[in-house]
Amino acid sequence: MSGGGAGGRLVRPFTLTGGRTRPSRADFTLITTVTAVDPQPERAARPQPEHLRILRLCAEPVAVAEIAARLDLPVSVVVILLSDLLDAGRITARAPRPVSRTTPDLELLQKVRDGLGRL
């Protein structure tokens, strides 16, 4: 895994997380939507370069899995970094909306079945 940069230096996940292997919170799943807070809080400590990269990606709502993919980092590392940002008040995290458990429209299901039968 490369940590990027023009020099092609190798950055290990252990280094990015300060040796932590678990997030401080359990707010994140692969499909949790993360958004940077605007404006950023002034009281928060200066973020690390990886935190800044995440904040740039989160200018618009983005899923945790997409952040990990764009940063080319393991999801477990990204979740630790996201926990730091959430603790500092720099991002918001929104769980996916639950799917309603209403009874499916029988007429619609029959139309779908009929359409598939004509294929």
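**Figure 1. The whole chain and its surface.** Accessible areas come from the Shrake-Rupley method with a 1.4 Å probe. For the protein chain, the accessible surface comes to about 8,400 Å². Carbon and sulfur atoms hold 55% of that surface. The model shown is predicted. The protein chain has 119 residues, and 29% of them count as buried. It contains five helices and three strands. Follow the sequence and the pattern reads α-β-α-β-α-α-β-α. Now take the contacts in the protein chain with a separation of 6 or more: residues 24 or more positions apart account for 73% of them.

**Figure 2. The open sheet.** Three strands make up this sheet, in the order β2-β1-β3. The sheet is open, and its pairing is antiparallel. Which strands form the edges? They are β2 (62-63) and β3 (91-94), and each pairs on one side only. In general, strands of a sheet pair through backbone hydrogen bonds, either parallel or antiparallel.

**Figure 3. Strand β1 and its partners.** Strand β1 covers residues 33-36, and two bridges join it to β2. The strands β1 and β2 run antiparallel. T33 stands opposite A63 in β2. V34 faces V62, also in β2. How many bridges link β1 and β3? There are four, again in the antiparallel sense. Across from T35 stands T92 in β3.

**Figure 4. Two ways out of β1.** T33 and T35 point one way from the strand. V34 and A36 point the other way. Are these four residues buried or exposed? All are buried, so each has under 20% relative accessible area.

**Figure 5. A helix across the strands.** Helix α4 spans residues 75-87. It lies across β1 and β3. How is α4 angled to β3? The helix runs at about 115° to that strand.

**Figure 6. A26 and S83.** A26 sits in the loop between α1 (13-16) and β1. Its relative accessibility is 79%, so A26 counts as exposed. A26 and S83 are 57 residues apart along the chain. In the fold, 8.3 Å separates their C-alpha atoms.

Figure 7. Look at the bond from D38 to P39. This peptide bond is cis, with omega near 0°. Where does P39 lie? P39 is in the loop between β1 and α2 (49-57).

**Figure 8. The backbone at D72.** D72 is not a glycine, yet it has a positive phi of about 55°. The residue belongs to the loop between α3 (64-71) and α4.

**Figure 9. A nonpolar patch on the surface.** Four residues form this patch: L108, V112, L116 and L119. Together they have about 460 Å² of accessible area. One of them, V112, lies in helix α5 (residues 106-118). V112 has a relative accessible area of 45%, so it is partly exposed.

Definitions and conventions
Residues numbered from 1 in each chain as written. Predicted model: local features only at pLDDT ≥ 70, side-chain atom pairs only at ≥ 80, totals over all residues. Heavy atoms only, no water. Pairing = 2+ DSSP bridges. Contact = heavy atoms within 4.5 Å. Axes fitted to C-alpha atoms, helices over the stretch in contact; angles between N-to-C directions. Patch = residues over 30% accessible without salt bridge, like charges linked within 9 Å, V, L, I, M, F, W, Y side chains within 5 Å. Salt bridge = Lys/Arg side-chain N within 4 Å of Asp/Glu carboxyl O. Buried < 20%, exposed > 50% of the residue type's maximum accessible area, 1.4 Å probe, protein only.
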